[in-house]
Amino acid sequence: MKHTIFVDGQEGTTGLEINERLAKRDDVEILRIAYEKRRDAAERKKYINQADIVFLCLPDDAAREAVSLVENPHTRIIDASTAHRTAEGWAYGIPELSAAHRADVQAAKRVSNPGCFATGFNALMYPLVKEGIVPSEYPVTCHSVTGYSGGGKKLIERFASEPKMESPNFYALGLTHKHLPEMQKHSGLAHPPLFTPIVANYYRGMTVAIPLFADRLNRRLSPVEVCAFFHEYYAGQTFVRAMPFGAQNEFELGFLNAEGTNGTNTLEIFVCGNEAQILVAARLDNLGKGASGAAVQNMNIMLGLDETTGLA
């Protein structure tokens, strides 16, 4: 029997990519709403309650409205907006963080798909805080570089029609980026990080980097030891992979290219630095493991399927 899937908000970047991934599969049936009725609440309600899994690829308020339309107790939601990422009763959709996270996703009726920046950040910080290496009170700074697709449809259209950006640009200069609440809550930090995202003139792919002072850690570790820690922590995970120490030099001539995992659902972790300062970095496709790929992975887990289905 095929699983029925409805993508509410199928015209946006994430919705389009989810549909593209699911269209290649023969184990799901995609319910498609007529274009002219995509904002009709009654029509959306009908499709939402017919589906086994509903992906919400909507602005926050519309996502909350969609959840309120659910009457079928068997309908399960994966919300790609920021509306429910810190909400009680919602599983946080990075199953690699721990066995408990994976079990929560598998059993959940409601799963919040993480933000792209937050995926990289929490893949780095959650294990370090959980295992007592980084103090929860540590004043964390995070820098990230992303392609312009992370800005959504309007920014993509701007670059496609009239590219204006010749250099990378810092943004969210008020230091209140919308991913901060989930970055703090799901990492275990006592305070939100100081987060400075940078958008550059390329389409997709991102790096998320966190510098650490070795003498401020609970345990004095070298970069090589931190790298070994990540290898052990994520051993056996399909989509999160700690790279060998020094891999950024071996594979990329001393540079860490943000586009290296594009087209995949893989998140790679790099560690570099020296005895006094350590840099941990995550590289991922912001539209893959940072959005649609993660959503499909979560769907697979919720349905009891191999998590790699449709994501090879």
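Let me start with strand β10, residues 206-213, in this predicted model. Six of its eight residues are buried, so the strand is largely enclosed by the rest of the structure. Buried here means under 20% relative accessible area, with exposed being over 50% and partly exposed in between, using a 1.4 Å probe on protein chains only. Strands are DSSP runs of E of at least two residues, helices are runs of H or I of at least four, and both are numbered from the N terminus.

Some housekeeping. Residues are numbered from 1 along each chain as its sequence is written, and side-chain values use heavy atoms, with hydrogens and water left out. Because the model is predicted, local features need pLDDT of at least 70 and side-chain atom pairs count only at pLDDT 80 or more, while totals for chains, interfaces and linings use all residues.

Back to β10. Which strands does it pair with? Pairing requires that DSSP finds at least two bridges between two strands. β10 runs antiparallel to β7, residues 141-147, and four bridges join them; histidine 143 stands opposite alanine 209 there. β10 also pairs with β13, again in the antiparallel sense, over eight bridges, and in that pair isoleucine 210 faces valine 280.

These strands belong to an open sheet of seven, in the order β8-β9-β7-β10-β13-β12-β11, with mixed pairing. At the edges are β8 (169-170) and β11 (240-242), each with a single partner strand, so one side of each has no neighbour in the sheet. β8 pairs antiparallel with β9, residues 194-200, over two bridges, and phenylalanine 170 has isoleucine 198 as its bridge partner in β9.

Is aspartate 285 buried or exposed? It is buried, at a relative accessible area of 0%. Leaving out residues up to four places away in sequence, aspartate 285 touches Arg204, Gly205, Thr261, Asn262, Gly263, Thr264 and Gly290, where contact means heavy atoms within 4.5 Å.

Now the other sheet. Six strands form an open, parallel sheet in the order β2-β1-β3-β4-β6-β5. The edge strands are β2 (28-31) and β5 (91-92), each pairing on one side only. β1, residues 3-8, pairs with β2 over four bridges, and histidine 3 stands opposite valine 28.

Helix α2 lies across β1, β2 and β3 (53-56), at about 150° to β1. The axes are lines fitted to C-alpha atoms, for helices over the stretch in contact, and angles run from 0 to 180 degrees between N-to-C directions. Isoleucine 48 is in α2, residues 41-48, and counts as buried at 0% relative accessibility. Beyond four places in sequence, its contacts include Phe6, Val54 and Leu69.

Of its 46 lining residues, the closest to the centre are Gly12, Cys57, Leu58, Pro59 and Gly152. On a 1 Å grid over the protein atoms alone, a pocket is an open set of points where a 1.4 Å probe fits, with protein on both sides within 12 Å along at least five of seven lines; lining residues have an atom within 4 Å of a point. Points are joined across faces, edges and corners, and the volume is the space filled by probe spheres set on them.

The second largest pocket has about 200 Å³. Among its lining residues are Glu17, Arg204, Gly263 and Thr264.
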